[in-house]
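The structure is shown first.

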Amino acid sequence: MQYVSSEQRINECESIAALLGLASFSKALEGSDVLRFVDSSAAHGILIKGYSKSPPLSAVTSAYWTLVGRACPWVGRVTSKLNVADGPTRGDTSVIIGYG
């Protein structure tokens with residue numbers, strides 16, 4: 001079994017989240033402009049490049065671009081501080097509770 005660092009696992013999870021979001025709405029997004037914001041530099045990089053040296057990350061990005069199909073994606077970077085989804089992953093739900 002090959003050792004994988006916790007940082008690589010986090011990068012995989014961040015990238016998979018982008019893939020799952022697209023997979024969930026791929027039919028509705030077909031032919032549309034898609035704005036995807038990520039707060040992970042690694043996920044941002046592989047989603048733009050479409051490739052990673054890491055086989056798991058390369059598989060995720062390949063699946064992502066396959067799902068993109070005829071949509072017109074744009075991948076942007078947002079800092080963790082500005083990402084409303086970041087708090088709940090760290091146990092802080094105050095921001096999302098504030099939204100009602």
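The model is predicted, so local features need pLDDT of at least 70 and side-chain atom pairs count only at pLDDT 80 or more, while totals for chains, interfaces and linings use all residues. Residues are numbered from 1 along each chain as its sequence is written, and side-chain values use heavy atoms, with hydrogens and water left out.

Helices (H or I, at least four residues) and strands (E, at least two) are DSSP runs, numbered from the N terminus.

| Element | Residues |
|---|---|
| Helix 1 | 6-29 |
| Helix 2 | 41-49 |
| Helix 3 | 55-68 |

Helix 1 and helix 3 pack with their axes 9 Å apart, at an angle of about 20°. That makes the two helices, helix 1 and helix 3, roughly parallel (angles under 35 degrees). In this contact (heavy atoms within 4.5 Å), the residues of helix 1 include Ile 16, Leu 19 and Leu 22, and those of helix 3 include Val 60, Tyr 64 and Leu 67. The contact residues divide into 12 nonpolar, 3 polar and 1 charged.

Helix 2 has Ala 43, Ile 46 and Leu 47 buried (under 20% relative accessible area, 1.4 Å probe, protein chains only). Seen down the axis of helix 2, its buried residues fall within an arc of 100°, so they line one face. Their cover includes helix 1, strand 1 (33-38), helix 3 and strand 2 (72-77). On the face turned away from the buried side, Ser 41 and Lys 49 are exposed (over 50%). Just after helix 2, Gly 50 has a positive phi of about 80°.

How values were computed. Axes fitted to C-alpha atoms, helices over the stretch in contact; angles between N-to-C directions. Parallel < 35°, antiparallel > 145°, perpendicular 65-115°, else oblique. Nonpolar A, V, L, I, M, F, W, Y, C, P; charged D, E, K, R; others polar. Arc of directions from axis to C-beta.
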